[in-house]
Amino acid sequence: MIAYKFLARGAVSPFSGEAWPPPSGATPGAWVAVSGPELWIHGCRPADLPYWVDVELWRVELSDPARPIRRAVQAERGRLLERIEAWGVASKRDFALECALRTARFAAEAFGQEGRESEARALSSCRTLDDLAAAAEAVGQEQLPARSRQLLGYCGDAVFWGRPSHAGCVSYIAAIAAADLRGDPAAVEDERAWQARWLCDRLGISPGA
Amino acid sequence: MIQVPGELSCKEMVELMNDYLEGRLSPAELSDFERHLVFCNGCAEYLRQLRQLGTAAKRLREEEIPESTRDTLLEAFRKWKRK
């Protein structure tokens, strides 16, 4: 099965610290297996991508049969096929920014529903992290309903983690903000699906691949 | 903050840290645990510190600890047990 895998710099597993053998030209990297009962090689389907973002993204081959689990697929062996070069500093920064701005729009929607039109406009018109920081700071916190205060707090968090392009964190913040706005944990799934579509579009990955 | 079903909280993560380090999590728990590390700097940092502590502790031999340090540590452990 062809899948995707986020790795730390240098094709290193972010969790085990093990380096993956890189491909050489068109020749895939060596197969990697994990020894031990109930230990597996993990990969992502396109819809799983937002949950695992890291520095490098690779197209990988997983040995058959690959088994779907929550937010990933697992197999006995895997090997690197090619690095997705479109995922790099710029796309990671842009993804973090998009997620921060989505968080701002969720906050704006809450403010709008509460009749606070000027704050809603200020938040929804943000285009940069600096805009968002300024708009969030300008909102008086006194007498804010709990939901708006919470969503405004997420805007601050999104700016804080967006500045170092911590895309894993900002995308999570946006998903939680969506759920808080709707008061429904299922909104996390919808927001993550939106993020997966953004990543697939930007990286040239077929969503059904 | 809204609780998302199937997502571990930081409190649950802390409870699972040792099992993770000792390879005792089920495949599903392992995936949930590592997914949390992607977005949570606090838990990732705590795990890094635990790993560092484990590595340092393995290198340390009892006879290398100065007597005064050992006494201070033992006293601290005794007090901690009484709490």
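**Notebook: two chains, one predicted model**

I began with chain A and found the C-alpha centres of its domain 1 and domain 2 to be 30 Å apart. The assignment puts domain 1 of chain A at 2-83 and domain 2 of chain A at 89-203; such bounds come from an automatic or database domain assignment. Before going on, I noted that this is a predicted model: local features need pLDDT of at least 70, side-chain atom pairs count only at pLDDT 80 or more, and totals for chains, interfaces and linings use all residues. Residues are numbered from 1 along each chain as its sequence is written, with chains lettered from A and ligands numbered from 1 in the order in which they are written.

I looked up the contacts next, taking two residues as in contact if their C-beta atoms, placed from the backbone, lie within 7 Å. Six residues of domain 1 of chain A meet nine residues of domain 2 of chain A. What classes do I get on the side of domain 1 of chain A that touches domain 2 of chain A? I get six nonpolar, no polar and no charged residues. My classes: Ala, Val, Leu, Ile, Met, Phe, Trp, Tyr, Cys and Pro count as nonpolar, Asp, Glu, Lys and Arg as charged, and the others, Gly among them, as polar.

**The sheet in chain A**

I then traced an open sheet of four strands in chain A, antiparallel in its pairing, in the order β1-β4-β7-β2. Elements here are DSSP runs numbered from the N terminus: helices are H or I with at least four residues, strands are E with at least two. Two strands pair if DSSP finds at least two bridges between them. At the edges I have β1 (2-7) and β2 (32-33) of chain A, each pairing on one side only. β1(A) runs antiparallel to strand β4 (residues 56-62) of chain A over six bridges. I picked out A:Tyr4, whose bridge partner in β4(A) is A:Arg59.

I found a cis peptide bond between A:Asp64 and A:Pro65, with omega about 0°. A:Pro65 sits in the loop between β4 and β5 (67-69) of chain A.

A:Ala11 has phi of about 55° and lies in the loop between β1 and β2 of chain A. A:Ser165 has phi near 55°, in the loop between α4 (146-162) and α5 of chain A.

I checked burial too: a residue is buried if 20 or more other C-beta atoms, placed from the backbone, lie within 10 Å of its own, exposed if 12 or fewer, and partly exposed in between. A:Ala11 has 19 C-beta neighbours inside 10 Å, so it counts as partly exposed. A:Ser165 has 18 such neighbours inside 10 Å and so counts as partly exposed.

A:Asp180 is in helix α5 (residues 167-182) of chain A. Is A:Asp180 buried or exposed? I count it as buried, because it has 23 C-beta neighbours inside 10 Å. Leaving aside neighbours within four places in sequence, A:Asp180 is in contact with A:Arg147, A:Gln150, A:Leu151, B:Met1 and B:Ile2.

Helix α6 (residues 187-203) of chain A has 17 residues and reaches 24 Å from first C-alpha to last, close to the 24 Å expected at 1.5 Å a residue. That expected span is 1.5 Å times one less than the number of residues. Among the buried residues of α6(A) I noted A:Val188, A:Glu191, A:Arg192 and A:Leu199. Their cover includes α1 (89-113) and α5 of chain A. Just after α6(A), I see A:Gly204 with a positive phi of about 70°.

**Over to chain B**

Chain B has four helices and zero strands. Its radius of gyration (taken over C-alpha atoms) is 17 Å, well over the 12 Å that the globule rule gives for 83 residues, so chain B is more spread out than a compact globule. The globule rule is 2.2 Å times the number of residues to the power 0.38. The C-alpha trace of chain B spans about 50 × 30 × 20 Å along its principal axes, and 14% of the 83 residues count as buried.

After α1(B) comes B:Gly23, with a positive phi near 65°.

Last, the contact between the chains: 15 residues come from chain B and 20 residues from chain A. Helix α2 (residues 27-39) of chain B gives the most on the chain B side, with seven residues. By class, I have eight nonpolar, five polar and two charged residues on that side of chain B.
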